[in-house]
Amino acid sequence: MIRIPRIKISLKSPLYLILSLFISEACAIQITYDIPYTFDGRESLDLFIPEDRDGSETKPLPAAVIMHGGGLVSGDRSDTEDLAVWFANNGFVVINVSYSLAPAAKWPDQISDVTQGVWWLKNNAVRYNINPNKILAVGGSAGGYLAAMLGHYLVNTADGKLDSQVHGIISFSGPWDLTGKTNDEGRYYVSSFIDPYTLENIYSASPLYRINKYSPPVLMFHGTEDLLVPFKQSQDVCKFYQLKGVENDYCTIVALEGEGHSISENFLDNGELLKFVTWWIAL
């Protein structure tokens, strides 16, 4: 795997365009930037299409929708480009999406946006040779939260021709229980996008309480010293999976000993990520 250095530069700068060409050539990935994907045209995605490795152009590929972190109040999809490259390098068609941010946008605007990302993938399944029944939701922190919600938030398009179902979740330090114990920073983030800030609304926006017997497989990377999203939340997810009768191997936690909320990027080299993806594709 080729690792791409994380360089903070403008998406519109000449240096960024040069690096984009280098990444595409080095990794044999076709990248298309700034594709509007929401119905109102306000949010965009970057599309990553892998090379045809086995010469089987007719074989549909799994897909991943990747969502950045930032507490739903900040962040940019360029933050997760290395993650998008990793999945494309491993045979996925990838969309790396932006979504509306709080405080200007309130819940459920964010999940509405990324839901339209899933619809975009399914609507373009034939065009980009995507298997519409093999879609992963992937994200870190707030992006992990949205990934968890996508796994438990089924919505059909107005004409009923597409649904928003995803078939697996990968979360890096993502919160599942907005009602749970956290610090002042965590409460600030939640109160920024939940309006009115009531227990009923917080409960409704917590993916933990949406877990059911049809919940998709989930892989969670979580620092054991995370003060923003307590490690216990990931443990609770697996407990709820068991309580709801989901298959035992559908919930996996990778405990990152001694790490906090902002986990190091070595998870891309962690064998558990590739192991889960390989297992999930074979389901």
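Predicted model: local features only at pLDDT ≥ 70, side-chain atom pairs only at ≥ 80, totals over all residues.
Start with helix α4, which spans residues 142-150. Helix α4 is mostly covered, since nine of its nine residues are buried.

Two packed helices are described by the angle between their axes and the distance between the axes. For α3 (residues 109-123) and α4, the angle is about 65° and the axes are 10 Å apart. An angle of 65 to 115 degrees counts as roughly perpendicular, so α3 is roughly perpendicular to α4. The crossing of α3 past α4 is right-handed. On the α3 side, the contact is made by Q110, I111, V114, T115 and V118. On the α4 side, L146, M149 and L150 make the contact. An α-helix has 3.6 residues a turn, so residues three or four places apart point the same way. Sorted by class, the contact between α3 and α4 has six nonpolar residues, two polar ones and no charged ones.

Next come the aromatic rings. The structure holds 14 aromatic pairs. A pair of aromatic rings is described by the distance of the centres and the angle of the planes. For W107 and Y145, the ring centres are 6.0 Å apart and the planes stand at 50°, so the pair is classed as tilted. Where do the two residues of this pair lie? W107 is in the loop between β4 (93-97) and α3, while Y145 is in helix α4. They are 38 residues apart, and the pair thus links distant parts of the chain. Both W107 and Y145 are buried. Elsewhere, ring pairs join W86, F87, F92 and W280 into a cluster.

The loop that holds W107 also contains A105. Is A105 buried or exposed? Its relative accessible area is 7%, and buried means under 20%, so A105 is buried. Leaving aside residues up to four places away in sequence, A105 touches S100, Q110 and F193. Of these, Q110 also belongs to the contact of α3 with α4. A105 and L72 are 33 residues apart in sequence, and their C-alpha atoms are 9.2 Å apart in space.

Technical notes:
Residues numbered from 1 in each chain as written. Heavy atoms only, no water. Axes fitted to C-alpha atoms, helices over the stretch in contact; angles between N-to-C directions. Helix = DSSP H or I, 4+ residues; strand = E, 2+ residues; numbered from the N terminus. Parallel < 35°, antiparallel > 145°, perpendicular 65-115°, else oblique. Left-handed = near helix turned anticlockwise from the far one by under 90°. Contact = heavy atoms within 4.5 Å. Nonpolar A, V, L, I, M, F, W, Y, C, P; charged D, E, K, R; others polar. Phe/Tyr/Trp six-rings, centres within 6.5 Å; stacked < 30°, edge-to-face > 60°. Buried < 20%, exposed > 50% of the residue type's maximum accessible area, 1.4 Å probe, protein only.
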